[in-house]
Amino acid sequence: LGKTVICSRCRSLYGGFLRNCADGGSLCQSCFGNSGFSSGNEAKNGGAIYSATSTTLNGVKLTGNTGSNGGAVYVDGGVLNVLGGEMTGNHGVYGGAVYVKAGALKLSGGNVSANTASSYGGAVFANPATIEVDGGSFNSNTANDDGGAFYLSGATMAVTGNTEMKK
């Protein structure tokens, strides 16, 4: 996607910062400026990012975003590959950090912590989807109803590598 202008505190229906519906894309730390950072965005679906195609986030930091479905990211098809980076302090009704409606979520390394959901899935809400986690940390994610870290409904999940999960 090349260089992207940083938008903090943006508001939208789909992806407060970015809506990716084309033939896939890759976002890396440099796409978000030197900090690799997107913060304070709001949207109904994906506070920072709405993805309806295969997308890769490489070393990106998403923090303090708010979305009804997915505080930071909403996945509506394709595969979301998250390589390292950080998703912290995001809030959603369903999925404090990520909501996966369709498709798959592959998390490799990184930090997904201190996200909150006022209903289900403090870190991730998936219905239906495939979730793969390989390493990284999932700490202090909370949900008012069920699934402090993960809430899976009609979804499958595989955890490998040195993955840390703490309350």
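Student: What share of the 167 residues in the chain is buried?
Tutor: Happy to start there, keeping in mind that this is a predicted model. Taking the 167 residues of the chain together, the buried share comes to 47%.

Student: Is asparagine 45 buried or exposed?
Tutor: First, its place: asparagine 45 lies in strand 5, which covers residues 42-45. Its relative accessible area is 7%. Buried means under 20%, so with 7% asparagine 45 counts as buried.

Student: Which side chain does the side chain of asparagine 45 make a polar contact with?
Tutor: Asparagine 45 has a C-alpha atom 8.8 Å from that of alanine 72, although the two are 27 residues apart along the chain. For the polar contact, look at a separation of 2.9 Å between side chains. The partner there is asparagine 69.

Student: In which sense do strand 9 and strand 12 pair?
Tutor: Strand 9 spans residues 66-69 and strand 12 spans residues 91-94, with three bridges between them. Within this pair, glycine 67 is opposite glycine 92. The sense of the pairing is parallel.

Student: Which residue in strand 15 stands opposite tyrosine 94?
Tutor: Strand 12 also runs parallel to strand 15, residues 116-120, and three bridges join them. Looking across from tyrosine 94, you reach tyrosine 120.

Definitions and conventions
Residues are numbered from 1 along each chain as its sequence is written. This is a predicted model: local features need pLDDT of at least 70, side-chain atom pairs count only at pLDDT 80 or more; totals for chains, interfaces and linings use all residues. Side-chain values use heavy atoms; hydrogens and water are left out. Helices (H or I, at least four residues) and strands (E, at least two) are DSSP runs, numbered from the N terminus. Buried means under 20% relative accessible area, exposed over 50%, partly exposed in between (1.4 Å probe, protein chains only). A polar contact is a pair of N or O atoms within 3.5 Å; within protein, one must be able to donate a hydrogen and the other to accept it, and residues adjacent in sequence count only if both atoms are side-chain atoms. Two strands pair if DSSP finds at least two bridges between them.
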